[in-house]
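Here are a few friendly notes to read alongside the model. Take them one at a time, and keep the 3D view open as you go.

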Amino acid sequence: MPKHAASKPETPAAADLGPTPERHRQGRVERLAQPIADAAGHPAQPYRAVDTLVVMERRGSISAGMRQAGEDFRARFAVAQLDPLRAIDLSHLRIAEPRRRRDNDGPGLRIEAARGTVWRAIQAVGGIASPAGSCLWHVLGWQQSLKEWAQGQGWSGRRVSQEAASGILIAALGALETHLGYHRILRKNDFSVDKSGLI
């Protein structure tokens with residue numbers, strides 16, 4: 001009688017472990033559709049969090065330009081280091097350098113430039129005390145959920161419904177898209193009438 005080969009248990013490297021149950025409790029995650037390069041340059045297909053902007057774009061609530069404006073605001077907010085809790089950035093420590101560098105594009109100038117960009121964007125949507133400014137600051141900047149912002153911070157400390165909060169975020173993203181220049185500029189010929197009289 002032939003012996004059956006015992007199946008070997010998969011090693012952790014071979015098995016697709018995926019996100020843990022604890023991570024799933026933090027919100028939806030999905031695998032990227034296309035492979036990207038990892039830190040070593042090898043192809044990888046990691047998981048990513050499905051955030052508010054992605055969900056709204058998929059539903060058709062916002063355009064791709066509005067989503068991009070929101071993601072750019074979030075990235076500049078992170079560079080500006082305006083989040084309430086943060087650890088020291090160890091990549092910028094200058095311990096044991098033989099001499100002090102004199103670069104004009106150091107972390108201080110980069111952070112200040114990002115803070116200026118964030119502040120101008122907040123002013124463009126109505127200021128920090130406006131519903132749009134508060135929503136951008138807390139939902140995109142501090143990455144609170146829309147529900148947390150609506151129930152906790154809201155507009156000047158007043159609670160708003162989740163539907164109203166969604167409308168505020170959509171309006172804020174529209175104004176942000178215009179401020180950052182992602183909107184399509186209409187030209188004269190967009191309104192021209194052809195010879196048949198049809199637009």
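How are α3 and α5 oriented to each other: roughly parallel or roughly perpendicular?

1. **Two helices crossing.** Please keep in mind that this is a predicted model. Two packed helices are described by the angle between their axes and the distance between the axes. Here, the axes of helix α3 (residues 64-80) and helix α5 (residues 131-141) cross at roughly 75 degrees and come within 9 Å. Angles from 65 to 115 degrees count as roughly perpendicular, and α3 and α5 are therefore roughly perpendicular to each other.

2. **Who makes the contact.** On the α3 side, look for G70, F73, R74 and F77; on the α5 side, look for L136, W137, L140 and G141. Sorted by class, this contact of α3 with α5 has five nonpolar, two polar and one charged residues.

3. How many aromatic pairs does a search of the whole structure find? There are two aromatic pairs. In one of them, the ring centres of F73 and F77 are 5.9 Å apart and the planes are at 40 degrees, so the pair is tilted. Both F73 and F77 belong to helix α3, where they sit four residues apart, about one turn of the helix. Each is buried: F73 has a relative accessible area of 3%, and F77 has 1% relative accessibility. The cut-off for buried is under 20%.

4. **A pair between helices.** For F77 and W137, the ring centres are 4.8 Å apart and the planes are at 80 degrees, so this pair is edge-to-face. Why does this pair tie together parts that are 60 residues apart in sequence? The reason is that F77 lies in helix α3 and W137 in helix α5. Like F77, W137 is buried. Taken together, F73, F77 and W137 form one aromatic cluster.

5. **The nonpolar core.** Which residues touch the most other members of the largest nonpolar core? This core has 29 residues, and those with the most contacts to other members are F73, L136, W149, L169 and L173. At least two residues of the core come from each of α2 (52-59), α3, α4 (107-124), α5, α6 (146-153) and α7 (162-180).

Conventions. Residues numbered from 1 in each chain as written. Predicted model: local features only at pLDDT ≥ 70, side-chain atom pairs only at ≥ 80, totals over all residues. Heavy atoms only, no water. Axes fitted to C-alpha atoms, helices over the stretch in contact; angles between N-to-C directions. Parallel < 35°, antiparallel > 145°, perpendicular 65-115°, else oblique. Contact = heavy atoms within 4.5 Å. Nonpolar A, V, L, I, M, F, W, Y, C, P; charged D, E, K, R; others polar. Phe/Tyr/Trp six-rings, centres within 6.5 Å; stacked < 30°, edge-to-face > 60°. Buried < 20%, exposed > 50% of the residue type's maximum accessible area, 1.4 Å probe, protein only. Core = buried A, V, L, I, M, F, W, Y, C linked by side-chain atoms within 4.5 Å.
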